[in-house]
Amino acid sequence: MDQSITVQKSNTGLGVFAAESLEPMTKIAQFAGPVCTLDAVPKEQLNYILRATKDLYLTPETDARYVNHSCDPNCFIDDDLFIVTRTVVHQGTELTISYNRISESEAQDWGNFWHPAWSFHCQCGASRCCGYVNKYITDEVRPYAESPISRSEPQHALK
Ligand SMILES: [Zn+2]
């Protein structure tokens, strides 16, 4: 395991926490493991899989497996499937990604399919929490500097 993170109990089972304060753009864990079609994923793994392409799903065997969802996550997943911090994350803070925010191109490629086993009532506590996660949202999570969702000022205030 990477020394900069720990896997420990969270509100919703296990979670991944910062063992030290982390700078933005720190790689904390990579999604790695067997890749197969959805039909071939063992039932007990359905809640852990990462959609890699339209038809292929990765079952993570690394600490990435335990990173929980937030509607306002402090990490994102890069092109190499690393979980990367978007901002400064202080020691002891839980590291989170969004399970359902995807890019426009992914949405076009993947369509509307969402497995019922992936749905859950969110307890992330974010002010922008959507409450019930049961579909993809095309509002990709990016580093804060590039991310429209992180602006604290409403758009119209820029006039
Ligand atoms: Zn939420």
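The model is predicted, so local features are given only at pLDDT of at least 70 and side-chain atom pairs only at pLDDT 80 or more, while totals for chains, interfaces and linings use all residues. Residues are numbered from 1 along each chain as its sequence is written.

## Overall make-up

The protein has 12 strands and one helix; helices (H or I, at least four residues) and strands (E, at least two) are DSSP runs, numbered from the N terminus. Along the sequence the pattern is β-β-β-β-β-β-β-β-β-β-α-β-β. Of the 159 residues, 23% count as buried. A residue is buried if 20 or more other C-beta atoms lie within 10 Å of its own, exposed if 12 or fewer, and partly exposed in between, with C-beta atoms placed from the backbone. Among the contacts with a separation of 6 or more, 62% join residues 24 or more positions apart; two residues are in contact if their C-beta atoms, placed from the backbone, lie within 7 Å.

Strands of a sheet pair through backbone hydrogen bonds, either parallel or antiparallel. Here two strands are said to pair if DSSP finds at least two bridges between them.

The pairings are listed below.

| Strand pair | Sense | Bridges |
|---|---|---|
| β1 (residues 5-10) and β2 | antiparallel | six bridges |
| β2 and β10 | antiparallel | two bridges |
| β7 and β10 | parallel | two bridges |

β1 and β2 form a hairpin with two residues between them. V16 of β2 is the bridge partner of V7, and V16 also has L95 in β10 as a bridge partner.

G13 counts as exposed because it has 9 C-beta neighbours inside 10 Å. The C-alpha atoms of G13 and Y66 are separated by 8.8 Å, although the two residues are 53 apart along the chain.

## The three-stranded sheet

A further open sheet has three strands in the order β3-β9-β8, with antiparallel pairing. β3 and β8 stand at the edges with a single partner strand each, so one side of each is left without a neighbour in the sheet. Direction ignored, neighbouring strands of this sheet are turned by 25° against each other on average; the axes are lines fitted to C-alpha atoms, for helices over the stretch in contact, and angles run from 0 to 180 degrees between N-to-C directions.

Three bridges join β3 to β9, and three join β8 to β9. I83 of β9 stands opposite A29 and also opposite I77. Q30 has F82 in β9 as its bridge partner. β9 has a covered face, made of I83 and T85, and an uncovered one, made of F82 and V84.

## The nonpolar core

In soluble globular proteins, nonpolar side chains tend to be buried together. A nonpolar core is defined here as a set of buried Ala, Val, Leu, Ile, Met, Phe, Trp, Tyr and Cys residues joined through C-beta atoms within 7 Å.

The largest nonpolar core has 22 residues, of which A29, V67, I83, L95 and I97 touch the most other members. At least two residues of this core come from each of β2 (13-18), β3 (27-30), β6 (57-58), β8 (75-77) and β10 (94-97). β8 gives the largest share, three residues.

Leaving aside residues up to four places away in sequence, L95 touches I5, V16, F17, A18, I28, V67, N74, C75, I83 and V89.

## Positive phi angles

M25 is not a glycine, yet it has a positive phi of about 70°. M25 is found in the loop between β2 and β3. M25 counts as partly exposed because it has 14 C-beta neighbours inside 10 Å.

L81, likewise not a glycine, has a positive phi of about 70°. L81 lies in the loop between β8 and β9 (82-85), and these two strands form a hairpin with four residues between them. L81 counts as partly exposed because it has 16 C-beta neighbours inside 10 Å.
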